[in-house]
Every structure is written in C-alpha cells, then in structure tokens.
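I set out to record what can be read from this model, beginning with the whole chain and ending with single residues. The entries follow in the order of my look-ups.

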Amino acid sequence: MTKKRKRQDDFHKVKLKVGKKKPKAENATNINFKSKSIHLPEQLKHDGSGPTTHRQLSIKDLLSQLHHYNSNVKQGALVGLRELLSANPSLVEQHASVVLTEVAALFTDKDAAVRAAAVRVLRFVAQCIPAERVAPFFPLLSAHLTCAMTHISAGIQEDALRVLDVLLEHYPALLSQRPTVLLTNFLELISQRRLGGTKGDRTGKGNYALSITTSRSVTAQQWRLTVLLRLGHFLQAVVEERPTEDGVSCGGGIGIWSGEKGVVTPVEVSWEEQIFSKGGIRVFENSGAKPTPHSTYRLRPDSEPGAGLSEGLCSAETVQGFAGTLVPLLLEMWVEAMGGDRAQADSGHLLTEEAMALMFQILTILQLLRRLVPQRDQQDMLDAWFRNSYLSDFKQHFMKNFPYSQLEVPVVRHKKKTDMKRGRQQVVGGAVAGGNVEPLALNVMLCQVMVTLSLRGRDHVAGQDADWLGPIRAFVTDALSNGGKLSSKHLAALLEVVWRMIVTQRSRAVTEELLQAVYIQYQQKNLGLTVRTLLLHFFSQLYIQEHQKQPHIARSRILARWLASLPVQLVQLGSRNPQLSGQLLQTVQSAAAWGHKDLLFSLQTHACSLYDPHEGSVVVLPVEQQQQLVHILYFLPAFPTDVLACLSQVCNAGRVSTSLAAMLIRTVHLRSPLSGWSSSSQDVPVRDVDYLSFLFSTLTGFSSESLRVLQQADEEGLLASSALSPLSVFTTPLEQFTHHWDVVEEVCHCLETLGSRTQCFEILQNAIAKNLCGLVVVPDCVCAAVLRCVPRLLDVNFLPSDTLLHFLSDCCLSMLSLLLQLEQSARKRDAVWEACFAALSTVPRLLRLVLQSLRVCELSESELPLLAQILSLLLQHTQLRNHMAANSALLQTIIQDLTRFSGGETREQWLTDLLYCYSVTMSTHRANMATRDIY
C-alpha cells in the first residue's frame, strides 16, 4: 500500500493554545513611528490681507458682506466694521471713500437694525475724519440723505433724521452748502403739496398742507416737533457757516443792528488754510470799502458745477420764497396744538410741556429765517416783508395770551403698559429731544421775534404798535428788575430786545425805563463772570455805537450814572479780572475822549486811587490795561499836586515798564503849558510850579519822605563817608538803577524842550540846593541822575553856584569810590562813568574843585590805592586830558603827596601806573601845544 501526501490548504487554521502568545498575522500593520518637528516660517507668515476682526474677517470681507441679501449678515458686517476701525484707526482714512459709500447706501435699507448700525458706524467715522477729508465724498452722503428723507417708509425717514444729527454735529459747514434741497426735504417730511396750489396763492394757507401719517410710532404733533428741531439746527448751521458782510452778525449777540457799513477790516489770509476751506474771500477794487458790482472773484465757487439752482440763501427774495411756504405751516401747527390744549386748560396762557416745546421751535425757526440773508439792507427788507405779511397773524396767535406759563399736569403714580409704551415712543420719535423749555426762554424768544417787526427810526410812530409792544416792554422790565438772577443765555436775549426797542422807538421815556431795569440787574451782587461781562458789553456798545446817532441815548441819565461809576468799579476790581477791567477801560477811554462830563468828574475824583503807586490799577493790571490808563491821562481835566505825586512814584516804583513810564511823562508834559501847546489861561490842567516839581521828583526817584527816612537807615547797604567819599552812598539794586536811568533820560528830554535853558537850569539848581545839598546819605541813582542832568541843561553863559559845585564834586568822588570798592555790573558802571566824566568835562571849575578836595594827608593807607586809581581813570579819559593838563600843578602836588605817604622801600604798582599815566598825559599835552603853536 502506498502513502498519501498531505494537501496544503490555502487558509491554514492556526491552533491556539492556552497560555501561549498569539502569533502576529502576516498582514499586520506596524504602528510604531517616530516624529520630528518641521518649521515652515514662510508658510506661517501673514497673507497680507491686513488686520481682521475676532472672526478673522478683513475689511474687504466686511465690505463685501454689506451687499448680502440677509439683514443679519449686513448687521454683523457693520458691527465688525466698527470693531475693526476702532482697533485700527489708520484704516479709516485709507478706506474712507469706500466705507462712506457703502455705509451711506444702507441709509435706506429696509431693516431698522441695519440702519441703526449704519448710523453708529457713520458717527464713529465722522469722529475720526476731519471735514476737509470728507468734502470730496460729501455730495454722495448728501444724496443718500436726501433719498432717506424723501423715502416712502416712515421708519427710514426717522432714521434719516439721526443721520442728519451726525452730519450736523461733525460737518455743519459741508451740510450748509446745499440748503435748498434739504429745506425742501424738511417741508415734505411734515406736509404735502396742495392740489391745484399755485405760487401766487394769497389766501394765507400757502402751497403746502400739513400731512398726517398713521403708520408712525408717534403722534403727528410729536413727529412735527422732531422735524422742526432738526430744521432749527440746520438753519443755525447755515447762519453760522455763511460768510458775513457789511458788519452783520451771524449770531444773536448784542449789536446785531449796529454794524457799520463801509468799514475796511484788515484780514490776515493764510493761503495754506484756504485749500480746503469753503468760505469765500472777497477782493475789492481800488482798496475801496464797498465792492463794485464787478468784484465777484472768490478763491473757489460757493457751489460746485452742476449743483443745480442757487444753493445759497443769499438774497431776501429766496428767503421770502421759502418763508412764504414754511410760515403758514408753522402757524397751522400752532393752531392745531392750541386746539388740543384748550380742551385741557382753562386759560390760554397756560401751555403743556409739549406745546411749549413746539412753540419754542417755531419761534426759533422764525428768528433764524431773518438771519439767513447776509446783507443788512436785505435783513431790513425781510423784516418789512414779515411785518406786512404776518404781523396780524403773529399778534392773533402769539401775542394774544402773552406771557405764557407752564400748565401743571398731575403726576400719575401707577402707569399702565400703554402709557409706558407711549413714553418710549416719544423718546424714539424725538418729541422730547429738545428738552424741557422754560417759560422764560419761550417768552424771551417771542419778544425777540416780535421786536424785529417794529418800525424803525423815522417810520416809527408813537403809539402805533403799543398794543403789542407795551406787554413786551412790561415783561422785559419785570424780568430784569425783579431781583432774580438770569442765565447768560436768557440775559443775552433780553438785552438784544432792549437794544432793539431803544434804537427803534427813539423815546427818552422808553429808554430810561428799559435802561433802569438793566441797571438794576447790573447792580446785583455775586453775579457770574459771563453775566457781568454781558451787561458791561451792553452798556459799553450802546454808548460807543449809538450815543452820537441817537440823542435820546446820549441824554440818558441812567447811562450817565453808569459811566460815572466806572472809575469806582476799576478801583474795586483791582487785578481780580483783567479781562473785565480791559472792557471797563475801553469804555472809559472812549467816553473821556468824547468829553463826557460825568465820567471826567468821576475820573478826576478817583484819580489818586487809580494811579496809586502801590495798589492802584495802573500797577496791578497787565501791560495792555496799563497803557490804556496812561492814555486816559491825556483827557484828565486837571493834575493837582497829589495826582502828580502819585504819577511820579509810579514812574520810579519799577512796577511799570520803562517805555510806559516815558509815555506817562510825555503825557503830563503835553498837558503842561510849558510844552508849547496853546491853552487858555482860564483852564490850565497843570500849573508850571507843579509840573516842574513833578519833573524834579521823577528825576530824583525818591520822595522827600523817603529821603528823610533814609538818613536814619542802618549802615547795611551804605558806603560810609570818608575823605575819599564825602557822601554816604546808598546802593540801589541793579534793576531799580537801570529803570531810573532810563526814566532820567526822558525827564532830561522834557527839561531841554522848555523855553529858556538858563531859567530852567536856575530852577533845577535851586531845587538841588534846597532838597539834596543838606543830605548825608544819598542813593547812587540820585547822584547819577543829578550828574547826568546838570551838564545837559547847563548854559555856557551861566555859572553854577558854589553850593551846586560842591555837591556835584561830592557826588563825583563818592560815585567813583563806590565803583572801585564794590563789584558793579557793566551796565551800571558804564552809566556812572559816563555821567561823572560828562559832568567833569562840561561843568566849569568842577574838576578843579574835585582835585582840591583830595587831601592825601587825611587818607588812610588803604585809601591811597583808590585815589591813585581814580586819578588814573581821569588821566586816561580823552575828554578830560586837556582839563587835567590845565590843572597840572595841582595834580603834581597830589602825586608828590602820594609818593611821600606811600612809604615802603619799593614803589607800589598802583603808583607806577599813576606816574606812567601822568607822564603820557603831560607829554601828549605838550606835543599838542607845540603843534598848535607851529600852525
């Protein structure tokens, strides 16, 4: 039998045994691995797309999402855009064009949340980009704003007003360049055209009628109030940003009717600043005050090409056309609001808070309409048109229940859900956006509007408008004189009304009544600085601008009383408020120049207080006010001795500048008859004796009392008297000395211009002998002043007295000794040497007297070198060489005594220098004499 072969199976089954390790399969995967780090810096670099948000979205991604159909995506893109721009402000200007374009397109989006987010982004961008950078893109913003304001959706119209708020806050100048289109949009927000209406409608209803939209979340009256609030802000921007002409003020300040025509005002123009400016610069022909009709050149056109019809409300006809449409609508709103209030109020003068806000906005718009035109004559035309067209309506609807008060509405403690919802709707609609209007503000605004309708000047007839001007005058008088404190805003409006009524009515009784009320307000204590400044500015401008043209203002007793109180106020005010003092001084100077008697009398009475050298206004106020006070001196009626004494001390006290002290001296000099100006003998402001006394007191720099006190002063600061210094010299500080040195120059100039030099010198000689020669202690500035003044006034035909010569000799020796013993500044040393050498070379016998007073035997050993230095200085001076040579015998005796008393076996250096100077001087003199004999 044969063996069978085992067959090999394809899938052999492995038998597993217990306890044995399972063998690995043939197709088992090896899972063991080793890892190494790989660095790829180039791949990790930023891709260059710019900064991103926290969602890793760049600005391109966000801008592309603004076109998405989903509202949530667009809102998220706007939120991310604001986040990205906030974190990277540099992106704002880099992408300003595309950001403004895309955001402006969302003003009319159908979703309210998207529009609100767009407004927030616009507000942020407006805070980062200035107006000149936005100007190229602003026409597009304005176009989208116009589309939103005229949209059929009420929600888009409401959000358009929020966009308008942003542009008015940040770009009022750009927005006011196209007023015509926006004003039409405002009209269409609250009204619609009448069917069959024409421009020639004279029924008083106009071409538009108020519209009511039931789909809004607020009432029609609240919506109209919201629109009027924005309209008022827009008109205010137009008024403030337009260029002014002919002195017409843009704001509502005092003097709006008092600008002067034909006055050339210099303007400093920087062309670099005009690159992005939209204001025009007028160029006048032949430097005239008024432009010719052909002078229409501007740096750039007011409106860009293709802007349509006249964009600027620059004429009275254009403003009349708009006012003819708007004013009937405003009256219709007020009639509708009062119809609803009468059902709740028992009296017509009591208004609810909402009605007061509405009336205030109506009056604000009426007030701004007349200020739209830049020229004054056109304002007059517009006021006349308002009077002819709407005076009867204003009297019927506004003045019938004047003045108005607020109706007290009982407070409801428990509010229902509908009331809470209505309150939220009011806030959303902007009905309370204007804030609470005070009754005083409302009544004052009504007075401002109505007084512009009164006739002016010759056209005004007494009693013609008394039925409505009388209540206004009574209200203004009571508001100013009832003792209450007014805010600066209310006071400015009331003063404007007072100004207008005074100028237009031209009645002395009315003027006194109104000015009395203003003066009562002015006399109140603890008034704020702004209020005090307003009152002061009112009185000042009323007098300066109107008193020459209005006789009833010039003769006002109240105004005269106020002017007479100004010097007292200056004294009391002191240095607490230099700005207020400057306004007071401006008025005082103008009134003094016009010769107001009451002011000049008060100024004369308080002159000593104003010009007190210690606490007067002339030393405590800044330099500008000090100059005004010095200018006022020219109009002072008289200069008594006490005033001149104060002025002399002011010049020498050092609390005013040297130039101002010189101006003061020249002013007193011009008022003196000795100056050469003709003046009547009956009215002499300064007597000759007082004027010369003033000059001598200013020359010395010290009053007689100060010199008397100085004689008992301690030895500190004094150079004790000795044989080489006959006087005890009091050393003054350098600043005081230099100031007095400059003042002395002006005094010498005034003395030189007086008639006879001989008489002038004789008076000066007697004054020095009487007041200075007996002094033991003399200030160094006094010695220098005397040594400087005497040579300049000395006449060649007049010989000084021995008393004056001995005093001048003592001054020379004392000052030269002082300079050698003490360390002095170069300015002081040069001034003293100049004065001493000028006196020694000019005054006869003075040098000989100085040399005779040098007694070497009486000098101590330490004083011998000082004497040698003095003699060396005198010998070295060119102007004194001939005089020293003429006294050679006396000089030789002094040098011999010095040689004998010097002692010692060796010659001192100071003695060697003296002998050298002496020999050089004598040899030079002999050579000059020989040369003269030859020729």
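**Notebook: overall figures, a helix pair and backbone details**

Entry 1, surface. I worked throughout on a predicted model. I looked up the accessible surface of the protein and found about 48900 Å², of which 52% belongs to carbon and sulfur atoms. I then turned to burial: the protein has 935 residues, and 47% of them count as buried.

I noted 43 helices and seven strands in the protein. I also checked how far apart in sequence the contacting residues lie. Among contacts between residues at least 6 apart in sequence, 75% join residues at least 24 apart.

I selected helix 18, residues 466-481, and helix 19, residues 488-505, and asked at what angle they pack. The angle is about 135 degrees, and the axes are 11 Å apart. Helix 18 is therefore oblique to helix 19, since an angle has to be over 145 degrees to count as roughly antiparallel. I recorded the crossing of the two helices as left-handed.

Entry 4, the residues between the two helices. From helix 18, the contact is made by Leu-469, Ile-472, Arg-473, Phe-475, Val-476, Ala-479 and Leu-480. Helix 19 contributes Leu-491, Leu-494, Val-497, Val-498, Met-501 and Gln-505.

I asked which residues a cis peptide bond joins. They are Phe-402 and Pro-403, with omega at about -5 degrees. I located Pro-403 in the loop between helix 15 (376-397) and strand 4 (405-406).

Arg-506 sits in the loop between helix 19 and helix 20 (508-522).

I placed Arg-845 in the loop between helix 38 (826-842) and helix 39 (846-852).

Technical notes. Residues numbered from 1 in each chain as written. Predicted model: local features only at pLDDT ≥ 70, side-chain atom pairs only at ≥ 80, totals over all residues. Heavy atoms only, no water. Buried < 20%, exposed > 50% of the residue type's maximum accessible area, 1.4 Å probe, protein only. Contact = heavy atoms within 4.5 Å. Areas by Shrake-Rupley, 256 points an atom, 1.4 Å probe, with all protein chains shown as cover. Axes fitted to C-alpha atoms, helices over the stretch in contact; angles between N-to-C directions. Parallel < 35°, antiparallel > 145°, perpendicular 65-115°, else oblique. Left-handed = near helix turned anticlockwise from the far one by under 90°.
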